Amino acid sequence: MKHAPTTIVYDDVAVEIESAEAEGGQLWLTTGDLGRATRFEVKPQGVCRDSLCFPLPQAQRQEFLRDKAGKTWFNLTAFARLVQQPVAHESAADFSAWYFGLRSDQRQQLASLQAPDFTLPDLDGKLHSLSNFRGKKVFLVTWASW
Amino acid sequence: MKDRNFEIITVAEDTRGAQDAGPWMTASMLPLTAPVMSPPPAEKIRLTHTALIDQEHLVSKLYNMINVPTAVWINEQGRIVRPNETAYVDDRLKHIHGIEATPYIAALRDWAEKGDKSAYVFSEERLREKLAPQDPNWTLAAAEFGLGESLYKSGHLTEAIRHFKEAQRLNPDSWNYKRQAWLLSDPKRDYGTTFRDEVAKLNGKRYYPARDLPGEG
């Protein structure tokens, strides 16, 4: 078991977690840290955020949840497998970083032919969402300086 | 074309955001929109479209894009009507890639005019074919690339390079993963290659896939 500052990148937002535990390629967080890093909460009906809710398979509950030192811990890597989310990981002596990519439901959006929504800043930092342009034809084009 | 309920959104896929993309988001970006909109007065240059910065390459991730410039057409109901396609709207780089902007601009104008009735709008069947589920390796590649970007930003360049290489291995079709990573360090030293070397290796194979326009392909 390793204790080093852990960075979790979830929905492209990086959050530092002090007390994450990595063992055997599994990442365990307290349910409090789970909320901080992912905004997901463990509820009786499943692991939920806003209107999204993923029920945990009852038979394998101990794969996802355990009680230790007076706290409830959640296995974020097991959850990633459940929601078919790719995970990339790097650890060194003094740090550890975990990246959680797009869940299966997010990747399936394209197949519905509906344009996946996003919110991004302009040069002044003002945020714009694709969904705000509903009612107009949108020519969406990527470019890069490189 | 603003009056035809037509909006242009450009998205800069740059890990270092405005630091790299910013200098381009001024006068030099005007040719991008000039063919479809009237140019602003020379003395007061201001972008007239929605120009966004995407440091995490979210749009490429969500839409499975592997190069730039890539465009998607989205109708009034928020549905994709024409999927990922090389989208040059001016001839500034034509001497390099040989792609003519004129037919593409004509297609765009037709769509702006006729909407879903435009001949350039894809049928649902063809869209479904084009927007088929992603190769699982591409899904993993996106996570490796994302981790690489995060490590780069936190000052762990050596580790970042390792994950950028893994992304490039898992999705060798993505020029985004190659060119962005190369920009963040010395490509010759860290990746044993350069853009010029890689283009030479194509040996006549296309750098950009053919567009889906009449008489092309």
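A residue is counted as buried if 20 or more other C-beta atoms lie within 10 Å of its own, with C-beta atoms placed from the backbone. By that criterion, buried residues make up 36% of the 217 residues in chain B. The structure is a predicted model.

**Chain B overall**

- Chain B contains 11 helices and 4 strands.
- Of the contacts in chain B with a separation of 6 or more, 56% are between residues 24 or more positions apart.

**Helix pair α7(B) and α8(B)**

- Two packed helices are described by the angle between their axes and the distance between the axes.
- Helix α7 of chain B spans residues 136-153 and helix α8 of chain B spans residues 157-170; the two pack at an angle of about 160°, and their axes are 8 Å apart.
- Angles over 145 degrees count as roughly antiparallel, and α7(B) and α8(B) are therefore roughly antiparallel to each other.
- The crossing of these two helices, α7(B) and α8(B), is left-handed.
- On the α7(B) side, the contact is made by Asn137(B), Leu140(B), Ala141(B), Glu144(B), Phe145(B), Leu147(B), Gly148(B), Leu151(B) and Tyr152(B).
- On the α8(B) side, the contributing residues are Leu157(B), Glu159(B), Ala160(B), His163(B), Phe164(B), Glu166(B), Ala167(B) and Leu170(B).
- Sorted by class, the contact of α7(B) with α8(B) holds 11 nonpolar, 3 polar and 3 charged residues.

**Helix pair α8(B) and α9(B)**

- Helix α8(B) also packs with helix α9 (residues 175-183) of chain B, at an angle of about 160° and with the axes 9 Å apart.
- That angle makes α8(B) roughly antiparallel to α9(B).
- The crossing of α8(B) and α9(B) is left-handed.
- From α8(B), the residues Phe164(B), Ala167(B) and Gln168(B) meet Tyr177(B), Lys178(B) and Ala181(B) of α9(B).
- The contact of α8(B) with α9(B) divides into 4 nonpolar residues, 1 polar and 1 charged.
- Phe164(B) and Ala167(B) take part in the contact of α8(B) with α7(B) and also in that of α8(B) with α9(B).

**Four-stranded sheet of chain A**

- Chain A has an open sheet of 4 strands in the order β2-β1-β11-β10, with mixed pairing.
- Strands β2 (13-17) and β10 (87-91) of chain A stand at the edges with a single partner strand each, so one side of each is left without a neighbour in the sheet.
- On average, and with direction ignored, neighbouring strands of this sheet are turned by 15° against each other.
- Strand β1 (residues 6-10) of chain A runs antiparallel to β2(A), and 5 bridges join them.
- Within this pairing, Ile8(A) has Val15(A) of β2(A) as its bridge partner.

**Three-stranded sheet of chain A**

- A further open sheet of chain A has 3 strands in the order β5-β6-β7, with antiparallel pairing.
- Its edges are β5 and β7 of chain A, each with a single partner strand, so one side of each is left without a neighbour in the sheet.
- Neighbouring strands of this sheet are turned by 30° against each other on average, direction ignored.
- Strand β5 (residues 41-43) of chain A is joined by 3 bridges to the antiparallel strand β6 (residues 46-49) of chain A, and the two form a hairpin with 2 residues between them.
- Glu41(A) stands opposite Cys48(A) of β6(A), while Lys43(A) has Gly46(A) as its bridge partner in β6(A).
- Strand β6(A) pairs with strand β7 (residues 52-54) of chain A in the antiparallel sense over 3 bridges, and Val47(A) stands opposite Phe54(A) in β7(A).
- β6(A) and β7(A) also form a hairpin with 2 residues between them, and Asp50(A) in the turn has a positive phi of about 45°.

**Contact between chains A and B**

- In chain B, 67 residues are in contact with 41 residues of chain A.
- Helix α7(B) supplies the largest share of the side of chain B that touches chain A, with 9 residues.
- That side of chain B divides into 37 nonpolar, 17 polar and 13 charged residues.
- Strand β14 (residues 137-143) of chain A and strand β1 (residues 6-12) of chain B run parallel and are joined by 7 bridges.

How values were computed: Residues are numbered from 1 along each chain as its sequence is written. Chains are lettered from A and ligands numbered from 1 in the order in which they are written. This is a predicted model: local features need pLDDT of at least 70, side-chain atom pairs count only at pLDDT 80 or more; totals for chains, interfaces and linings use all residues. Axes are lines fitted to C-alpha atoms, for helices over the stretch in contact, and angles run from 0 to 180 degrees between N-to-C directions. Angles under 35 degrees count as roughly parallel, over 145 as roughly antiparallel, 65 to 115 as roughly perpendicular and the rest as oblique. A crossing is left-handed if the near helix is turned anticlockwise from the far one by less than a right angle, and right-handed if clockwise. Two residues are in contact if their C-beta atoms, placed from the backbone, lie within 7 Å. Ala, Val, Leu, Ile, Met, Phe, Trp, Tyr, Cys and Pro count as nonpolar, Asp, Glu, Lys and Arg as charged, and the others, Gly among them, as polar. Two strands pair if DSSP finds at least two bridges between them. A residue is buried if 20 or more other C-beta atoms lie within 10 Å of its own, exposed if 12 or fewer, and partly exposed in between; C-beta atoms are placed from the backbone.
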